[in-house]
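This report is for a reader meeting the structure for the first time. Please look over the sequence and the model below before reading on.

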Amino acid sequence: MMKSNVAVLIVMISIIIVGLIGIPFGNPRLVGVAILLEILFISLACLITKGYSKALYACIVLAIIIIIGNSLTPQHIQRMMTFSKPLNTVVLIIGGYILQGLLIYVSVRAIKYNRSQPLITSSKLW
């Protein structure tokens, strides 16, 4: 795994942990979607660990979709405005906004870092 991907992996593990904490407290109708997202984050974390740089782009897209989805959901907006369910609200803000924004930032940095590194190819000397 590349050094530049370590920060991405740390943020993704944090997202996975917050998601696992939040699933039992979320809307029971959305448990399937939440589990699917957890599996997606775990899969992306595995791909990043193996050094697949395209997974960084998927992280950015996924994080943007999650931020937009959270922002367009009336229940989420109401919960954040009223703090009616404090634990849900904290999990939503941390996992759905702060960590997603951080994932975008560290993924962009990792992509830029990886692009700036020279390609190392092995060749046989005859």
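## A term and a starting point

Contact here means that heavy atoms lie within 4.5 Å. In that sense, and leaving aside its neighbours within four places in sequence, Cys59 is in contact with Met12, Leu44, Ile48, Leu103 and Ser107. The model is a predicted one.

## The chain as a whole

The protein chain has 5 helices and 0 strands, and from the N terminus on its elements run α-α-α-α-α. Along the principal axes, the C-alpha atoms fill a box of roughly 70 × 25 × 20 Å. Of the 126 residues in the protein chain, 33% are buried. The accessible surface comes to about 8,400 Å², and carbon and sulfur atoms account for 72% of it. Among contacts in the protein chain with a separation of 6 or more, 69% are between residues 24 or more positions apart.

The average pLDDT of the protein chain is 89, and 93% of the residues score at least 70. Helix 4 has the lowest confidence, at a mean of 86, and helix 3 the highest, at 95.

In soluble globular proteins, nonpolar side chains tend to be buried together. The largest nonpolar core in this model has 24 residues, of which Val8, Met12, Phe41, Ile48 and Leu103 touch the most other members. Helix 1, helix 2, helix 3 (54-72) and helix 5 each supply at least two residues of this core.

Met12 belongs to helix 1. Met12 counts as buried because its relative accessible area is 0%, which is under the 20% limit. Not counting residues up to four places away in sequence, Met12 touches Phe41, Leu44, Ala45, Ile48, Cys59 and Leu103. Met12 and Asn114 are 102 residues apart in sequence, and their C-alpha atoms are 18 Å apart in space.

Leu103 is in contact with Val8, Val11, Met12, Ile15, Phe41, Cys59 and Ala63, leaving aside its neighbours within four places in sequence. Cys59, which is on the contact lists of both Met12 and Leu103, is placed in helix 3. Cys59 is buried, at 0% relative accessibility. Between Cys59 and Leu40 there are 19 residues of sequence separation and 9.7 Å in space, C-alpha to C-alpha.

## Ile104 in helix 5

Helix 5 covers residues 86-116 and holds Ile104. Leaving aside its neighbours within four places in sequence, Ile104 is in contact with Ile60, Ala63, Ile64 and Ile67. Ile104 and Asn114 are 10 residues apart in sequence and 15 Å apart in space, C-alpha to C-alpha.

## Two buried asparagines

Asn5 is in helix 1 and is buried, with a relative accessible area of 1%. Setting aside residues up to four places away in sequence, Asn5 touches Ile48, Gly51, Leu56, Ala110 and Asn114.

Asn88 is in helix 5. Is Asn88 buried or exposed? Asn88 is buried because its relative accessible area of 14% falls under the 20% limit. Beyond residues up to four places away in sequence, Asn88 touches Phe25 and Arg79.

## A nonpolar patch on the surface

Ile13, Ile17, Ile21, Phe25 and Leu87 form a nonpolar patch on the surface, and together they have about 450 Å² of accessible area. Which helix gives the patch its largest share? Helix 1 (residues 5-22) does, with 3 residues.

Phe25, a member of the patch, is in the loop between helix 1 and helix 2 (31-49). Phe25 is partly exposed, at a relative accessible area of 43%. Phe25 is also one of the residues touched by Asn88.

Most residues other than glycine have a negative phi. Phe83 is not a glycine, yet its phi is positive, at about 55 degrees. Phe83 lies in the loop between helix 4 (74-82) and helix 5. With 40% relative accessibility, Phe83 counts as partly exposed, because that class lies between the 20% and 50% limits.

Note on methods: Residues are numbered from 1 along each chain as its sequence is written. This is a predicted model: local features need pLDDT of at least 70, side-chain atom pairs count only at pLDDT 80 or more; totals for chains, interfaces and linings use all residues. Side-chain values use heavy atoms; hydrogens and water are left out. Patches are made of residues with over 30% relative accessible area and no salt bridge: like charges are joined within 9 Å, nonpolar side chains (Val, Leu, Ile, Met, Phe, Trp, Tyr) within 5 Å. Accessible areas come from the Shrake-Rupley method with a 1.4 Å probe; for residues, only the protein chains shown count as cover. A salt bridge is a side-chain nitrogen of Lys or Arg within 4 Å of a carboxyl oxygen of Asp or Glu. Helices (H or I, at least four residues) and strands (E, at least two) are DSSP runs, numbered from the N terminus. Buried means under 20% relative accessible area, exposed over 50%, partly exposed in between (1.4 Å probe, protein chains only). A nonpolar core is a set of buried Ala, Val, Leu, Ile, Met, Phe, Trp, Tyr and Cys residues joined through side-chain atoms within 4.5 Å. pLDDT is the predictor's confidence in each residue, from 0 to 100.
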